[in-house]
Structures are given as structure tokens and as C-alpha cells.
Amino acid sequence: MTTTDPYAGSRETTEGRVYTVTGGDWDLTFADPHGEERLVVNMGPQHPSTHGVLRLVLDLEGETVTKARVVIGYLHTGIEKNIEYRNWTQGTTFVTRMDYLAPLYNEAAYCMAVEKLLGVEVPQRAQTIRLLVMELNRISSHLVALATFGMEMGALTGMTNGFREREMVLDLLEEITGLRMNHAYIRPGGLAQDLPEGAVEHIREFLTIMPKRVADFHRLLTGQPIWQRRLKDVGYLDVTGCIALGVTGPILRAAGLPWDMRKVEPYLGYETYDFEVPTADTADAWGRYLVRMAEVNESLKLIEQACDRLEPGPVMVDDRKIAWPAQLSLGPDGMGNSLEHVEHIMGQSMEALIHHFKLVTEGFRVPAGQVYVPIESPRGELGYHVVSDGSTRPWRVHVRDPGFVNLQATAAMSEGGMIADVIAAIASIDPVMGGVDR
């Protein structure tokens, strides 16, 4: 059988049939029907201004972009498929590695979907701590967005200051979860562990420092003429364009629509907290920058309220068939089980050992069904469509990652503008390629 594809061929060898695929849609995609002289430029995927492992194929006439194509897939990890081969709790350690700048949001949305299938309600203290760590995570994510924006625009002090402030947040998250990122701290049914002693006091210290740092960013960048020239009227996308493309998050709010899942479909008790949804009316990179800066201040307000609401109580459901690992208590190294727990399951109770072994190796069963749970991540609507067939493993987990959806706005924002403005447009989208490629 012969192939009709000019870019794919095959031949027989002693090892069997060998296929050769060369690719070659370049001429078809960028064919010029008018015969005019143009330049096609590859930007990325290894490029400091593509905001990650992203490839942009730009069709240029002089300095003007006439066509832009986004090429993704360089960071593909197959996480959604991998989760199908792990039990429900182990899935948390996979999803946290997708949008690696907002790992706690992936954990929360996934666990909320599993809990919805299970029909269980998480204890109040666990809900408050989830909100607390997620808003800390929103600040750290927006600080990276600001820092990389500064780096790509040439405002290097914005970059160094952004990462400096982010370190304070990562120190808090490390103190609470044990890790700077990829925490696997939020688990189906609650949390891996309670807040350590002194964590709330350290969070309150952070709350006294950060407002001044945000004001310093405004003094450094917001009034800066070059910063304004690079961002204003760049990467324009109005509300109509956002809705047509499914774009959410700061991009949509910068176009003037106050759409925030924490307000329109509240979860974790967000409806009982006092906070605003910042918006702008510029629909450009400048508005997205201002919205993210304002959201940092709103997150600080939410964190303070969460600290005030913390009440003693459990952080995991009391159903011992779900609470994984069974009666976990940390050892002195902060990692392994305590000696008391090891002694109990290894030397005192055969039933406890069997239960621990079954729960950790096999996991719990989740009733058959499917749910979709959306939350507001730093980049927009992060949704988990989770399907169970009644077994100890997910049948399907599909993620609506806001970075993936928002990234398709690149062409609409870039075509007709200057090549330098493509950098600002991409930075204002703030995609995270781990979430885009999954």
C-alpha cells in the first residue's frame, strides 16, 4: 500500500517497516498568493520572551505582524491520562504539577470534584485553610506574572523585586505544606495536615509587609513613561472578543466584565467574605497589569479574614475509609510517620495495619458519576470534569485550563501590531505552559 502523503513515507527493513514523517505544512500555511516578499520568523520555544516553552510562528511585513500562529506541546506530560492509572488520592500529586505557578488551585478543584462525587463535606477548618493557602498562592502567581512581564519589557528591577516578594509567600507555603511548589497538600476529604504552630503569626507578619511592597511596585512601574508606552493600547481584546474565545480571568476583567467564579458561583464560603472584583475598561495589556496588582490587595484582605476565622477542629473528614493516610501524624523530621503511629500499626493492631495498607495501596471507591467543578485560578476559570466508574481510580479527568483557552487569543491580540508588542501581549495573557500542555 502506498501513501499519498508527500511528507510521510515508509520502507521495509530487516527490522520491519520503518516510517518517515518529515512534516511540511509550512508552504501551505504561509503561502503568499500575492507573491509579495515576506519574512516568517520562529520565536521560541527556547526564548526568554515567550513566557515559557512556547513557539510563535510570526509572518512579518517589516516590523508589522500580519499573521501569528501559536505552537504548543513542548511540555506535554500526559498528566490527565496518567491519573487514570493511579488511585483518587494519588491524583493530587499529578494535578499539582500542571499549572505549577498555581498548584494549590489544581489540587483544590480536583479534590472538590472528587468530594462532590463522594457526597462528603469537608470540615470548616479545612475549608478556611484551603482558601487561605489558595489566596497566598494567587499572590505568588501574580508576582511571577509581574516579574516576568518586567523582564520581557526590559524593566529588570520589576523582575528582581517581583521574585523577591514571591519568596516571602513561598516561605509561608513551605512552612505550611512542607514544599515550595507541587504541594499535594489539599487531599480528597480535607488536608494532608493542619497548620503548623506559628504559621498564622508568620502570615500576619507578611500581611503587614506586603501592602507597602505593592505600593512600591506602583511607584516603580505604574507611573513610568516607558512602561506605559509599552503596555497601553497593546494586545487589545474587548469583552466581545473575550466571550467569543472563552477567555476568562484578568483578561476578561480588564475588558470591563467583573466575572469571577468566587462571586458568580461561590465555593469554600467565598460568599461570606468581604472583597471586591477589580476591573478596568482599557481591554489592553495596561489594564491587565492594573487588575492583577489590584487583585493582590484583595487577596491580602481575604487572607486576613481567613486568619480571623480559623477555629479549632479537624482538617479531614471523619470517614476512616476516605481519610488517607489513615490517622497520619508526622514524625520529628516533618516527613515520615510518628513513632507512635508506626508502633500502633506495626506492633499493636493488626486491623489498623490492614486498613492502612489497603487504603494506601488500593485507595477508596468513588460512586459512579460525573461532575464539573469550576474555580477562579489566577489565570481564570479552572474547571475539572471528573468521571468515575465506581472503582478506586478515575475513569477520566479532563481539565479546562484557563491558560490553554486564553492562549488562543494571541493572534487576535498580535496581528496588525508591531513584533515588539507581541511580547507584551503574550506576557499580559500570563500563560503557564505546564497547564497548557498538561
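Select R438, which is placed in the segment after α18 (433–437); helices (H or I, at least four residues) and strands (E, at least two) are DSSP runs, numbered from the N terminus. R438 counts as buried because its relative accessibility is 9%; buried means under 20% relative accessible area, exposed over 50%, and partly exposed in between (1.4 Å probe, protein chains only). Next, display the residues that R438 touches, leaving aside those up to four places away in sequence: H76, T77, G78, I79, E80, M98, H398, V399, D401, F404 and M433. Contact here means heavy atoms within 4.5 Å.

This is a predicted model, in which local features need pLDDT of at least 70 and side-chain atom pairs count only at pLDDT 80 or more, while totals for chains, interfaces and linings use all residues. Residues are numbered from 1 along each chain as its sequence is written, and side-chain values use heavy atoms, with hydrogens and water left out.

Now show the whole protein as a cartoon. It has 18 helices and 10 strands, and 52% of its 438 residues count as buried. Among contacts between residues at least 6 apart in sequence, 68% join residues at least 24 apart.

Move to E197, in the loop between β7 (190–191) and α7. Is E197 buried or exposed? E197 counts as exposed because its relative accessibility is 82%. Select I176 as well: its C-alpha atom is 9.3 Å from that of E197, although the two residues are 21 apart along the chain.

Continue to helix α7 (residues 199–222), whose 24 residues reach 33 Å from the first C-alpha to the last, close to the 34 Å expected at 1.5 Å a residue; the expected span is 1.5 Å times one less than the number of residues. At I209, α7 bends by about 30°, and the proline P211 follows within four residues. The bend is the angle between axes fitted to the seven residues ending at a residue and the seven starting there. Colour the buried residues of α7, among them A199, F206, M210 and F217. Their cover includes α5, α6 (156–177), α8 (225–231) and α12 (285–309).

Finally, select M112, P266, Y267, L268 and V373, the closest to the centre of the second largest pocket among the 16 residues that line it. Two or more lining residues come from each of α4 (103–118), α5 (124–153) and β8 (369–377).

Definitions and conventions
On a 1 Å grid over the protein atoms alone, a cavity is a set of points where a 1.4 Å probe fits but cannot get out, and a pocket is an open set with protein on both sides within 12 Å along at least five of seven lines; lining residues have an atom within 4 Å of a point.
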